[in-house]
Amino acid sequence: MHTFVVLAYKESSYLEECIKSVLNQKYPSKVVIATSTPNQYIENIADKYSLAIKVNPNPGKGIGYDFDFAVSCGETELTTVAHQDDIFLLLIGNKRIRFIF
């Protein structure tokens with residue numbers, strides 16, 4: 001029903017904390033990583049949490065295009081893009097789902 005798409009760029013030291021925050025929601029959501037800068041750092045974190053990585057086939061066009069790509073990676077009816085330096089507090093996903101329905 002809901003997907004968090006974590007938008008990752010290069011080797012952000014905040015990426016893992018963002019991923020942990022979206023995985024730690026009361027309402028379970030699918031989580032995937034979207035990036036236009038695939039690298040071993042992102043792959044290692046994805047492997048650690050068993051997350052799929054979606055690689056933007058048109059990199060280098062800017063952050064707006066990266067966000068649009070991230071939205072397209074949502075695998076459910078509802079999608080939230082989480083930038084790599086975002087931290088989602090517990091229950092935010094649940095509150096968003098309840099608000100929509």
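Predicted model: local features only at pLDDT ≥ 70, side-chain atom pairs only at ≥ 80, totals over all residues.
Biologist: Where does Tyr-41 sit?
Modeller: In helix 2, which covers residues 40–48.

Biologist: Which residues is Tyr-41 in contact with, leaving aside its neighbours within four places in sequence?
Modeller: The contacts are Lys-10, Glu-11, Ser-12, Ser-13 and Leu-15.

Biologist: What does the side chain of Tyr-41 reach?
Modeller: The backbone oxygen of Ser-12, at 2.8 Å.

Biologist: And how many residues apart along the chain are Tyr-41 and Glu-11?
Modeller: They are 30 residues apart, with 6.1 Å between their C-alpha atoms.

Biologist: Back to confidence. Where is it highest and where is it lowest?
Modeller: Helix 2 has the highest confidence, with a mean pLDDT of 98. The lowest is in helix 4, residues 92–100, where the mean is 54.

Biologist: What does the protein chain average?
Modeller: A pLDDT of 88, and 89% of the residues score at least 70.

Biologist: New topic, rings. How many aromatic pairs does the structure hold?
Modeller: One. It is made by Phe-4 and Phe-88, whose ring centres are 5.1 Å apart. Their planes are at 65°, so the pair is edge-to-face, given that angles over 60 degrees fall in that class.

Biologist: Which parts does that pair tie together?
Modeller: Phe-4 belongs to strand 1, residues 2–8, while Phe-88 is in the loop between strand 4 (78–83) and helix 4. The pair therefore links parts that are 84 residues apart in sequence.

Biologist: Are those two buried or exposed?
Modeller: Phe-4 is buried, at a relative accessible area of 1%. Phe-88 also counts as buried, at 9%.

Biologist: What sits over the ring of Tyr-65?
Modeller: The charged end of Lys-61, at 5.5 Å from the ring centre.

Biologist: What about Cys-73, buried or exposed?
Modeller: Cys-73 counts as buried, with 7% relative accessibility.

Methods. Residues numbered from 1 in each chain as written. Heavy atoms only, no water. pLDDT = per-residue confidence, 0-100. Helix = DSSP H or I, 4+ residues; strand = E, 2+ residues; numbered from the N terminus. Buried < 20%, exposed > 50% of the residue type's maximum accessible area, 1.4 Å probe, protein only. Phe/Tyr/Trp six-rings, centres within 6.5 Å; stacked < 30°, edge-to-face > 60°. Lys NZ or Arg CZ within 6 Å of the ring centre and 35° of its normal. Contact = heavy atoms within 4.5 Å. Polar contact = N/O pair within 3.5 Å; in protein donor to acceptor, adjacent residues only side chain to side chain.
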